Amino acid sequence: MSKEHYFVAPPSPWPIVTAVGLSLMLGGFAVLLHGGSMVPSLLGVVVLLFAVQRWFATVIGENQAGLYSEQVNRSFRLGMGWFIFSEVMLFAAFFGALFYVRELAIPWLGGEGAKGAAHLLWPQFVSHWPLLEMPRSSDFDVPSEAMSPYGVPAFNTAILLTSGLTVTLAHWALKRNARRALWGWLLVTLLLGGSFVALQLHEYGHAYRDLDLTLHSGVYGSTFYLLTGLHGMHVTLGVIMLTVILGRSLKGHFTPTEHFGFEAVSWYWHFVDVVWLGLYLFVYWW
Amino acid sequence: MSDAKVIILRPPKSTTLRGWRRWLYTTDHKEIGTLYLVFSLIMLFAGGILALIIRAELFQPGLQLVQPLFYNSLVTMHGLTMIFLAIMPAMVGLANWQIPLMIGAPDMALPRINNWSFWLLPFAALLLWCGFLLPQGAPNAGWTFYAPLSTTYAPPATDFMIFAIHIMGVSSVMGAINIIVTILNLRAPGMKLIDMPLFVWTWLITAFLLVLAMPVLAGAATMVLADRHFGTSFFNAAGGGDPVLFQHIFWFFGHPEVYIMILPAFGVVSEIIPAFSRKPLFGRTSMIYAVGAIAFMSVMVWAHHMFAVGLPVAAQVFFMYTTMLIAVPTGIKVFNWVATMWRGSLTFEAPMLWAISFIFLFTIGGFSGLMLADVPADYQYQDTYFVVAHLHYVLVTGSLFGIIAAIYYWLPKWTGHRYNERLAQWHFWLSAISVNVLFFPMHFAGLAGMPRRIPDYALQFADFNMISSIGAFVFGLSQLLFVWMIVQTVRGGEPAGARPWDGARGLEWTLPSPPPHHSFATPPSDVIVHAEGPQHHE
């Protein structure tokens, strides 16, 4: 099979099984939310994981068999780039919500600005951020204080920035074909990513237990947990991806010139890194 | 870039499955295109039946057939079904069939992702429609699912709708990425971006809008889910949130969405008008820039859907002007289509009839849009049947007519058979007349103050509503002719030959009808690309 051929994938059962798994997982979750059984959503997760694993195994197998030309690789590159752009837009929706409540909705509720008439709803409400006193606090869990940008979040920022550096060091090692250095730096990146997730979970525990800052703490809690939670899910996915490419590089996959799988994961990792910087700036500091 | 652009298919060994597995596992862009189109046709009828129940209820004043709550579900499900499961998949189906044929590619760039994008949709449809069987019925907050209607007051089915929206979003984003990658990476070596057919251009820009807008909708749906079940306050002012925030996020998606549904139809019409005028497209480059300008501006106009919610005056003025500015590139397009026909040797086969009626009727929808863009006037028109008339002129006589035009134009290529022109003419004239009987009176009812989304109305609106309902049933039943025409053409008919339309240009017409299994096993030569490209015409 010459490298000049554009490889058109033969028929495959895995996309439709993936679709079944995803739909079962989400539909099952809706059932669960209304007091139904956990079985459908768990079954969905199992089917989804299985199908995705088979699908990726097929792609990796085709790649190792040398079926992919430079043009196919370019398709993958472009595809991954646009996928990350779609993820950026997903985060943009939540950042947009944060900016809107922070800059418009809460000042209006406090009587400032063009729509300050909203103050009539709760005349005692004073605009402030982080929002610890809600317009109708009696309905919510009132936090004792806001999340501090120092301590664990600052440390987590350092961890994630360092992991961005180590994944690049792994990439450089791969390019000069220094396999041991590649494994080492990948392992360090993986451990840093795992520590980030563990520390973030610890922070959530602290917020819930000590600060009484919960999902039910008005819009400050809402934006805090949804933004950091969505990001944490992405970091977790990134850790899984790093584990896969560490396993693959241990098996001898990737060459100094062809390693799209590695690059895709490192792009993704830099993406969660950059999103965290935005989070740290706007959720913790601002 | 062009050095490695040698596209030769490796020998197809396991690419022919038989029976049901062929359709479930397929990675062939033509089979997936067919799946999309058949699915969207079924959903068009599903959504159409909901519309006919609405029109039957509105045939005369009073409550005859349905209860108000169920009426809300009808309106909601009609909108969601038509937008996400009929119009959008039909456009993607056209893209799947045509883009590889029109750029000289063997298939879509990511064939398994392509299969996945399609097969997510039937499951999303299942999650969406299962609401009719759940306690308290199907989602009823309108297709726009504004908070707090969708948060505080909505039935359990709303959660299934939210997850259906997530799945449809994944499908759209994956489909869009595939289209972008195919266009950027799999063009025949001799085809420069600027020389691409207009249909391909409009889809490139549409796909960009999809990747930009759909994740934002997923974000809005996730926030609704969190407000419903996890105690958050995004859209609850008592907790510092704002219900209007939902509308901002929703319409940041929603307005590009409007262009997502119309731009590919612009592309279709830009292919058909030159073919049946036997002239090159007038102002071809300006057409491409106009589409780009429309897409660029489509992300700066969203709040014109929200003029009555209490925006600051400065915001209203800004969004009013940006909205009106979109009329400029749109006007360029309409002018160029008309100028293409000027002194052409016109013939009026079915595709041309649908394309010309598209130009007329879409322009009516565009003008009513300009009326709605005017803030003080919008205070009068908003939430009336005038809005319903406007959006159906752009979506039915715009997007849907564009899709039907495309199917008549390319069906001979896809099936290898000519369709029955006499049947097609009946289908066109019945549809084109009845659709105006259906939607035109809504302008008057709306200007006179008839509110939308209400199952009953004051007596003075009775005549207009009766006329609309009659038009609706004729329009709906006329589409059975369309199905019959498709079935007939698929099953047999006069051989179409490679180029059934003598004025048609483009790489798709250089292949036999129907095209071979993997369309361009080898990329067409530069000579062919140039002969079918725009330089040759001029």
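B:Ala462 touches B:Gln60 and B:Pro61, leaving out residues up to four places away in sequence. Two residues are in contact if their C-beta atoms, placed from the backbone, lie within 7 Å. B:Ala462 lies in helix α15 (residues 462-491) of chain B. Helices are DSSP runs of H or I with at least four residues, strands are runs of E with at least two, and both are numbered from the N terminus. B:Ala462 is partly exposed, because 16 other C-beta atoms lie within 10 Å. A residue is buried with 20 or more other C-beta atoms within 10 Å of its own, exposed with 12 or fewer, and partly exposed in between. B:Ser298 is 164 residues from B:Ala462 in sequence and 37 Å from B:Ala462 in space, C-alpha to C-alpha.

The model is predicted: local features need pLDDT of at least 70, side-chain atom pairs count only at pLDDT 80 or more, and totals for chains, interfaces and linings use all residues. Residues are numbered from 1 along each chain as its sequence is written, while chains are lettered from A and ligands numbered from 1 in the order in which they are written.

Chain A has seven helices and zero strands. Its C-alpha trace spans about 75 × 40 × 35 Å along the principal axes. Of its 286 residues, 41% count as buried. Among contacts in chain A between residues at least 6 apart in sequence, 68% join residues at least 24 apart.

Chain A is assigned domain 1 (1-66) and domain 2 (69-85 + 137-285). These bounds come from an automatic or database domain assignment. The centres of the two domains, taken over C-alpha atoms, are separated by 23 Å. Six residues of domain 1 of chain A are in contact with four residues of domain 2 of chain A.

The largest nonpolar core has 260 residues. A nonpolar core is a set of buried Ala, Val, Leu, Ile, Met, Phe, Trp, Tyr and Cys residues joined through C-beta atoms within 7 Å. B:Ile103, B:Ile167, B:Ala220 and B:Ala405 have the most contacts inside this core. Helix α6 (residues 198-229) of chain B gives the largest share, 23 residues. Domain 1 and domain 2 of chain A both give residues to this core, so it lies between them. A second, separate core has seven residues, including A:Tyr6, A:Phe7, A:Ala9 and A:Phe76. Leaving aside neighbours within four places in sequence, B:Ala220 is in contact with A:Ala93, B:Phe246, B:Ile249, B:Phe250 and B:Phe253.

Between the chains, 63 residues of chain A are in contact with 65 residues of chain B. On the side of chain A that touches chain B, α1, α3 (70-109) and α6 (218-250) of chain A each supply at least two residues. The largest share of that side, 22 residues, comes from α3(A).

One helix pair crosses between the chains. The axes of helix α1 (residues 14-33) of chain A and helix α5 (residues 157-185) of chain B come within 9 Å and cross at roughly 160°. That makes α1(A) roughly antiparallel to α5(B), a label for angles over 145 degrees. The axes are lines fitted to C-alpha atoms, for helices over the stretch in contact, with angles from 0 to 180 degrees between N-to-C directions. A:Leu22, A:Leu26 and A:Phe29 are among the α1(A) residues that meet α5(B), where B:Phe160, B:Phe163 and B:Ile167 are among the partners.

Terms used:
Parallel < 35°, antiparallel > 145°, perpendicular 65-115°, else oblique.
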